[in-house]
Amino acid sequence: MLLSSAFSWINKAVEPKRYDQLMVGIGHVFFLLLMVMSIVYYKERLLSFDAANYTFQLIYFQDFYIGHDRWISAPTQILPLLAIKAGASLKTILMTYSVSFILFYYLIFNAIVYLVRQPKVGLFLALSLCLSMRYKFFGPVGEVILSIGLLALLLAWANRDRSQFPRLPRWGSLVIGLALMGLVVFAGHPFAAIAAFTILGFDLIQQKRWKDRESWAMIALGVLGYGRKYLDLQGDGSYEAGQMDNLQESLHMLTHFQTYYIFDRIRWFFETEYAFPFVVFLAAVGWLFWKRKWLLGLFIIASHVLLLAAIMVAYAYLNDPIYILLDGYLAHLGMIWSLPIIFVIVQQQRIWSLLLVVVLLGFGLDRIHHKRLFFQERMAILQNMLDEYTTDENRKVLAHIDYFDWNKLWLPWAVSIETLMMSSLEDPDQAATIYYKQHRKDEEDYLNNPHFFFSLHYDPFIFEMDSLPKHLFRLKEGYYQSIPLPK
């Protein structure tokens with residue numbers, strides 16, 4: 001009797017208005033938890049890799065740092081720049097910057113649920129940020145994941161009830177749709193193209209808007225915009241251009257994918273990190289077929305396969321488990337999984353639907369939380385190197401790249417900045433740095449000059465010691481001392 005009552009309650013339908021309120025409440029709690037995590041783990045999030053570089057650039061130049069002309073990063077830099085200009089401590093700057101990324105998504109969430117009035121798309125954004133994202137939570141500056149916020153906003157507008165905005169003229173609706181698509185294309189990461197077309201295609205098929213000019217106009221703008229981006233990247237020597245070149249060699253890779261290291265790593269993610277959400281995704285797709293929504297189900301499966309193929313081609317060169325690179329792209333899987341979960345399972349307006357979403361969100365947050373251990377261990381390794389090889393007089397260390405531990409440290413190029421900020425966090429007078437030689441031809445020109453700080457292996461490569469902000473980094477002048485090579 002008790003079991004029957006419990007099952008009846010779980011399967012109970014919820015009145016639409018109340019259901020919307022519950023979805024919004026779940027979203028608020030989720031983003032509150034993300035904010036708490038971003039503050040507690042501010043060091044793990046901002047003292048590694050790109051995040052460390054972005055933070056240092058903001059501090060040094062006291063201006064926006066926009067990589068590859070992707071202005072989606074700009075909103076997340078407003079608060080830390082204000083803190084920097086106000087003379088805040090390094091700890092305050094890092095905490096402010098860390099929470100700014102969550103505020104970026106949270107503002108979009110509120111715009112979705114209160115302005116566009118699409119609570120279920122608010123949950124779509126929440127799920128997209130944790131179903132397949134793991135390590136990238138600790139690398140928040142990447143435009144590839146910031147694009148998820150814009151993609152959710154694009155879905156909310158495309159999927160909206162057109163009758164909710166009776167005073168908005170048709171041309172005004174079109175302008176807003178094209179503007180959102182333009183933001184995704186021209187401010188976000190090029191890899192967002194697959195998710196963007198999946199979102200618009202899913203909405204087109206689900207709503208049967210085959211003759212809707214606005215939907216087709218957004219798709220057309222996306223095709224033209226991404227086509228232009230592809231042409232602009234050709235031959236420019238950038239990282240993205242290299243990935244585009246990989247696309248031209250994709251046939252061999254996709255026909256022999258089992259022999260590539262990237263296939264083994266993606267399989268590892270599915271076996272250890274994605275099993276639960278992926279099963280829920282498959283169940284939602286199966287539901288589509290059971291409801292005889294063949295085209296929608298096939299479209300989702302095709303999009304999923306295409307995204308995985310694109311990731312494998314882009315990272316065909318990978319030989320080490322550098323998950324911070326791979327995880328940003330894999331995060332887009334969560335968006336594709338979220339579409340049928342939201343528009344099939346959550347659409348049922350049952351208590352069990354919301355309970356399942358809560359479990360999925362909790363599962364994702366728990367997996368993200370456990371990834372902090374890698375970044376904590378990484379910081380401990382660098383701190384031990386600082387303790388062993390620096391002295392009160394010699395605060396600048398030179399390490400040979402041939403002895404870099406790729407499995408435990410992943411990427412060497414930002415270690416100099418990472419260690420500078422780590423050592424200065426509690427006391428600017430304790431500033432120290434470790435630089436891994438990158439085989440630059442001009443490295444030797446500066447090694448014999450005590451007045452320079454080695455930054456990145458690419459520009460800006462060096463900074464004069466006197467130019468570093470003294471209230472944050474008081475790095476002593478001196479020559480770089482080489483770490484003895486292992487025998």
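Two rings of Phe, Tyr or Trp form an aromatic pair if their centres lie within 6.5 Å, and planes over 60 degrees apart count as edge-to-face. The exercises below concern a predicted model.

**Exercise 1.** State how many aromatic pairs a search of the whole structure finds, and classify the pair of Tyr315 and Tyr329.

*Solution.* For Tyr315 and Tyr329, the distance is 5.1 Å centre to centre and the angle between the planes is 70°. The limits are 6.5 Å for the centres and 60 degrees for the planes, so this pair is edge-to-face. Tyr315 belongs to the loop between helix H16 and H17, and Tyr329 to helix H17, so the pair ties together parts 14 residues apart in sequence. Both Tyr315 and Tyr329 are buried.

**Exercise 2.** Determine which parts the pair of Phe375 and Trp410 ties together, and whether each residue is buried or exposed.

*Solution.* Phe375 and Trp410 are edge-to-face, with 6.3 Å centre to centre and 90° between the planes. Phe375 lies in helix H19, whereas Trp410 lies in the loop between helix H20 and helix H21; the pair therefore links parts 35 residues apart in sequence. Buried means under 20% relative accessible area. Phe375 has 0%, so Phe375 is buried; Trp410 has 2%, so Trp410 is buried.

Note on methods:
Residues numbered from 1 in each chain as written. Predicted model: local features only at pLDDT ≥ 70, side-chain atom pairs only at ≥ 80, totals over all residues. Heavy atoms only, no water. Phe/Tyr/Trp six-rings, centres within 6.5 Å; stacked < 30°, edge-to-face > 60°. Helix = DSSP H or I, 4+ residues; strand = E, 2+ residues; numbered from the N terminus. Buried < 20%, exposed > 50% of the residue type's maximum accessible area, 1.4 Å probe, protein only.
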